Amino acid sequence: MNAPASNRARHLTRQRIALGGGVLSRLLAPSMHRVLDRLDIGLAEGGIEATLPDGEFRILGCRKPGPVAQVDLADWRALLHLIAGGSAGWYRAWDLGQWSSPDPVVLFDLFMRNRVPLGQSARSRGPWRLLGKLRHWLRDNSPAKARRNIEYHYDLGNDFYELWLDDTMSYSSALFADARAEGDGEPLESAQRRKIDALLDRLALEDGSRLLEIGCGWGGLAARACERFAVDYRGITLSVEQQRAAEERTATCPEASKLAFTLTDYRDVLKEEGAASFDAIASVEMVEAVGQKYWPAYLDSIAANLKPGGRAGLQYIRIADDIFESYASSADFIQTYIFPGGMLLSESRFRALADERGLAWVDQHDMGLDYARTLKLWRERFDAAVEAGQLPLGFDDRFVRLWRYYLMYCEGGFRGGGIDVAQVTLIKERP
């Protein structure tokens with residue numbers, strides 16, 4: 001949008017609020033300015049250029065270099081949503097049109113970058129925190145509920161995901177030759193294949209190896225593993241849609257008879273296979289769906305199913321330990337609207353659990369900027385599909401807004417450094 005058009009939009013927004021704000025807006029204004037004062041103090045780097053409901057233009061932060069977000073606050077109630085509901089409430093305010101930004105990614109980056117000085121600003125509180133936590137607890141990933149949680153997200157339909165994922169159907173971070181070279185034009189598919197190969201390289205596979213994949217997705221890793229090795233592969237998932245797609249994808253692979261995709265909970269593999277029957281285990285961004293309560297069971301499964309000396313290659317998303325306790329004490333936007341039962345890892349806690357089970361943690365590679373770039377490319381592809389009218393029937397405008405917000409929210413989180421993604425190798429100790 002050019003500058004004159006932007007100025008006209010700001011004027012119309014102010015005019016609309018001036019005409020329709022009414023008594024409630026005037027009553028809220030003093031207390032909401034105090035909320036903004038606290039945000040101002042908490043922005044240690046970067047800042048916000050804000051247009052307020054009363055027509056005032058205010059700068060928050062901007063005392064040190066960092067991202068500068070533009071926010072049009074059309075209704076003071078947006079800040080009430082933030083105070084009560086944290087990041088989930090801030091999304092509700094956005095969906096209601098109570099605030100907007102030409103680039104929300106910058107705002108999410110800013111909030112994450114200033115996560116420590118901002119403190120609890122993006123966390124729900126009071127009865128809203130308790131209600132959100134209760135709802136999240138009721139949707140935990142117990143054996144009885146895990147499949148329903150997975151279906152909530154992944155069974156939106158393969159035709160939906162095919163519109164904006166690349167040809168490998170990888171719904172996880174790619175690995176670019178240079179994640180900072182935004183304009184180098186590397187295709188997403190190329191970067192996804194590099195990611196898959198990097199994980200397979202961790203597993204010391206050879207012809208005849210038995211490979212288990214916990215969370216097989218749509219079969220992209222299985223297909224690549226079979227291109228490189230004559231493996232005896234088993235992939236498990238709780239998504240009927242993913243199982244069907246993975247079977248179709250690998251039907252023409254060499255020795256396809258040695259591939260099996262089953263609807264199996266990771267906790268049940270040992271019952272079906274017997275102890276320590278796999279040479280290697282792969283798991284790409286599946287552990288985030290497990291929940292903190294079940295991290296021990298997830299690692300128990302890896303340790304019990306790996307042969308001594310066997311290797312597990314994990315790709316996982318973590319949240320910084322400096323905010324993990326506050327993050328874990330409430331349900332955020334992602335847990336409320338996108339991944340019920342989900343929980344990002346505390347790397348220190350998860351690694352300690354791995355050590356207790358004789359799983360040596362080696363060769364960690366962090367790649368957070370790769371995920372930020374992946375998310376940006378997904379959003380561009382998603383927007384193109386929406387613009388072309390390609391979304392399947394049943395996906396209304398509100399869903400489109402939710403999904404776009406989700407992709408922007410995650411991109412900003414990775415750019416701000418409070419969440420990160422990594423690959424690591426776990427090696428089972430020999431007796």
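The model is predicted: local features need pLDDT of at least 70, side-chain atom pairs count only at pLDDT 80 or more, and totals for chains, interfaces and linings use all residues. Residues are numbered from 1 along each chain as its sequence is written, and side-chain values use heavy atoms, with hydrogens and water left out. The structure contains an open sheet of seven strands, an open sheet of four strands and 34 salt bridges. Helices (H or I, at least four residues) and strands (E, at least two) are DSSP runs, numbered from the N terminus.

**The seven-stranded sheet**

- The strand order is β7-β6-β5-β8-β9-β11-β10, and the pairing is mixed; two strands count as paired if DSSP finds at least two bridges between them.
- At the edges stand β7 (259–263) and β10 (359–366), each of which pairs on one side only.
- On average, neighbouring strands of this sheet are turned by 15° against each other, direction ignored. Axes are lines fitted to C-alpha atoms, for helices over the stretch in contact, and angles run from 0 to 180 degrees between N-to-C directions.
- Strand β6 (residues 232–237) runs parallel to β7 and is joined to β7 by five bridges. Within this pair, I236 lies opposite T262 of β7.
- Helix α18 (residues 397–416) packs on the sheet, where it touches β9 (306–319) and β11 (419–428); contact means heavy atoms within 4.5 Å. The direction of α18 makes about 75° with that of β11.

**Strand β9 and its partners**

- Ten of the 14 residues of β9 are buried, so that the strand is mostly covered. Buried means under 20% relative accessible area, exposed over 50%, and partly exposed in between (1.4 Å probe, protein chains only).
- With strand β8 (residues 278–284), β9 pairs in the parallel sense over six bridges, and A282 is placed opposite G313 of β9.
- The chain passes from β8 through helix α13 (residues 295–305) to β9 in a right-handed β-α-β crossover. A crossover is right-handed if, with the strands pointing away from the viewer, the path from the first strand over the helix to the second runs clockwise.
- With β11, β9 pairs in the antiparallel sense over nine bridges; L314 is found opposite V424 of β11.

**The four-stranded sheet**

- This open sheet has the order β2-β1-β3-β4 and mixed pairing.
- The edge positions belong to β2 (57–61) and β4 (99–100); each has a single partner strand, so one side of each is left without a neighbour in the sheet.
- Strand β3 (residues 68–73) and β4 run antiparallel and are joined by two bridges. The bridge partner of D72 in β4 is S100.

**Helix α17**

- Helix α17 (residues 368–387) has 20 residues and reaches 29 Å from its first C-alpha to its last, close to the 28 Å expected at 1.5 Å a residue. The expected span is 1.5 Å times one less than the number of residues.
- The buried residues of α17 include Y371, L375, W378 and F382, and among them are also the charged residues D370, R373 and R379.

**Salt bridges**

- A salt bridge is a side-chain nitrogen of Lys or Arg within 4 Å of a carboxyl oxygen of Asp or Glu.
- R228 and D197 form a salt bridge whose closest N and O atoms are 3.2 Å apart.
- R228 counts as partly exposed because its relative accessibility is 30%, whereas D197, at 17%, counts as buried.
- A network of salt bridges links D197, D201, R224, E227 and R228.
- D363 and R202 meet through their side chains in a salt bridge (3.5 Å, N to O). This pair links distant parts of the chain, with D363 in strand β10 and R202 in the loop between α9 and β5 (210–214), 161 residues apart.
- D363 is exposed, with a relative accessible area of 54%, while R202 counts as buried at 8% relative accessibility.
- The side chains of E347 and R318 form a salt bridge (3.0 Å, N to O). E347 belongs to helix α16 (residues 347–356) and R318 to strand β9, so the pair ties together parts that are 29 residues apart in sequence. Both residues, E347 and R318, are buried.
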